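User: I am new to this structure and would like to learn how to read it. Please take me through a few features.

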Amino acid sequence: MDRVQRSATGPQLEDQSPGPLTQDAVQQLIQRAQEAKQRAYCPYSGFRVGAALLTRDDRVVTGCNVENACYNLGVCAERNAIAKAVSQGCRSFRAIAVASDLEQQFISPCGGCRQFIREFGSNWDVYLSKPDGSYLKMSVDELLPVSFGPEDLSMKKWFTHEDKA
Ligand code: THU
């Protein structure tokens with residue numbers, strides 16, 4: 001887990017090569033999440049969330065939360081972004097940034113979104129941000145340890161514990 005304060009320099013999107021993102025690239029991704037947050041449709045909660053996904057082929061796909069009068073049909077920003085990306089042919093991701101209006105804490109993906117994110121791998125990065133651009137970097141595996149994913153359905157995992165059932 002890394003906590004990083006926003007740097008004074010402006011963001012640039014050039015650094016999209018494999019490997020860790022530069023601070024500038026992270027800040028640009030957070031900025032895209034903040035822009036997406038402005039488009040949140042959240043008349044019921046008033047809680048705006050934006051997400052920005054960086055794909056392995058260097059595309060950025062954003063999403064915001066979209067609520068509904070039938071409350072349980074609301075969609076979170078992270079899931080919206082992932083569904084958009086998949087519908088555009090992207091299933092391979094480097095990072096996702098999440099933004100909200102919470103000034104005192106890093107916005108943390110809900111449990112459902114953690115599972116949705118994990119579907120596309122447990123070894124990529126999630127940037128939990130604050131409106132000032134500071135962030136907390138966590139891996140998907142840190143957010144959802146000992147997770148259940150697509151690999152489990154192909155029964156590759158086997159219990160070594162005596163209680164296997
Ligand atoms: N929300 C998200 O979009 N992402 C999260 O990870 C947390 C919660 C949304 C759902 C709902 O529209 C509002 O925030 C309040 O829960």
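**Surface and helix**

Analyst: Tyrosine 41 is partly exposed, with a relative accessible area of 44%; buried means under 20%, exposed over 50%, and partly exposed in between (1.4 Å probe, protein chains only). This is a predicted model, in which local features need pLDDT of at least 70, side-chain atom pairs count only at pLDDT 80 or more, and totals for chains, interfaces and linings use all residues. Residues are numbered from 1 along each chain as its sequence is written, and side-chain values use heavy atoms, with hydrogens and water left out.

User: Where does Tyrosine 41 lie?

Analyst: Helices (H or I, at least four residues) and strands (E, at least two) are DSSP runs, numbered from the N terminus. Tyrosine 41 is in the loop between helix H1 (23-37) and strand S2 (49-55).

User: How many residues does H1 have, and how far does H1 reach?

Analyst: The expected span of a helix is 1.5 Å times one less than its number of residues. H1 has 15 residues and reaches 21 Å from first C-alpha to last, close to the 21 Å expected.

User: Which elements do the buried residues of H1 pack against?

Analyst: Contact means heavy atoms within 4.5 Å. The buried residues of H1, among them Leu29, Ile30 and Ala33, pack against S2, strand S3 (60-64), strand S4 (93-100), strand S5 (125-129) and strand S6 (135-139).

User: What is the make-up of the whole chain?

Analyst: The chain has five helices and six strands, in the order β-α-β-β-α-β-α-β-β-α-α from the N terminus on. Of its 165 residues, 42% are buried.
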